Amino acid sequence: MRAWSSSNKSGIPIIISTHNRLMVATVQVFLGHETRDYTRATSSQRCVRAGGKHNDLDQVGFTARHHTSFDMLGNFSFGDYFKEEAIFHAWNVLTKEFDLPIDRLHVTVLDNDVEAIEWWRKIAQLPDDKIHRLGPDDNFWAMGDTGPCGPCSEIFFDQGEAFSNYDDRYLELWNLVFMQHNRLGDGSLLPLPTPCVDTGMGLERMASVMQGVISNYHSDVFTPHLHAVAAALDLQNGRASSRYPPTP
């Protein structure tokens, strides 16, 4: 488990502070310019949506799943394991450790990432209608216009027909990024010296799913704070507090 790190140690002129912070701090390792005394890492990052690619800042305030500040859980490989083991670990954690129902899990992959598709079939034994092939706008991850990048595979949880909005019903839980390219200024892709893995799981989203509540705000990540605010405003018997379940 690695400690939090500043987003300004990479030597690249992007990223204020967003949810790819640990990756930014290790970009030189991905590129093969630096080494660490470890090849595997896990992290729990406090993140702020402030800018950069894939930040979804414009979604804050419009959905129950995007927050200005949130915690991102992740596991990383720096030239150690790659797609097979990344998919195995993710599937094992979700279905064995967290005991999520397999029939409610879907995955997306880059449409031409044959290797990832085959590993999902073999490891998770998912049928093809649970493996959704999408284009690079959805399943190719990059931290900027240049630098490390690669195809990704996202894992979604089907919250059921009670959610009429498609994006609310299929909740993204975990993104597995397979870092295998270095994008140059002219847009060309070169292979990285060794392929790497960068994953991110939303703590608040996972908490809501595991607790069986209808949104992140109804999980125990938020309810104690919401009740504290209601108490401070003397609204314990009013509408503000009745919207949320009692604090355990």
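Biologist: Which helices and strands each supply at least two residues of the lining of the second largest pocket?

Modeller: The model is predicted, so local features need pLDDT of at least 70 and side-chain atom pairs pLDDT 80 or more, whereas totals for chains, interfaces and linings use all residues. Residues are numbered from 1 along each chain as its sequence is written, and side-chain values use heavy atoms, without hydrogens or water. A pocket is an open set of points on a 1 Å grid over the protein atoms alone, where a 1.4 Å probe fits and protein lies on both sides within 12 Å along at least five of seven lines; lining residues have an atom within 4 Å of a point. Helices (H or I, at least four residues) and strands (E, at least two) are DSSP runs numbered from the N terminus. Here, β1 (40-48), β2 (69-77), α3 (83-97) and β8 (189-202) each supply at least two lining residues, and β2 gives the largest share, four residues.

Biologist: What is the volume of this second largest pocket, and which residues lie nearest its centre?

Modeller: Its volume, the space filled by probe spheres set on points joined across faces, edges and corners, is about 280 Å³. Of its 15 lining residues, Thr 42, Gly 74, Asn 75, Val 93 and Trp 174 lie nearest the centre. The lining divides into nine nonpolar, five polar and one charged residue (Ala, Val, Leu, Ile, Met, Phe, Trp, Tyr, Cys and Pro are nonpolar, Asp, Glu, Lys and Arg charged, the others polar).

Biologist: How many aromatic pairs does the structure hold, and why is the pair of Phe 76 and Phe 78 stacked?

Modeller: Rings of Phe, Tyr and Trp (its six-membered ring) pair if their centres lie within 6.5 Å; planes under 30 degrees apart are stacked, over 60 edge-to-face, the rest tilted. The structure holds seven such pairs. Phe 76 and Phe 78 have ring centres 6.4 Å apart and planes at 10°, so they are stacked. Phe 76 is buried at 1% relative accessibility, as is Phe 78 at 9% (buried is under 20%, exposed over 50%, partly exposed in between; 1.4 Å probe, protein chains only).

Biologist: Which residues of helix α8 are buried, and why do they line one face?

Modeller: An α-helix has 3.6 residues a turn, so residues three or four places apart point the same way. In α8 (residues 223-232), Thr 223, His 227 and Ala 230 are buried. Seen down the axis, these buried residues fall within an arc of 60°, so they line one face; the arc is that of directions from the helix axis to the C-beta atoms. The face turned away carries the exposed residues His 225 and Ala 232. Just after α8, Asp 234 takes a positive phi of about 60°.
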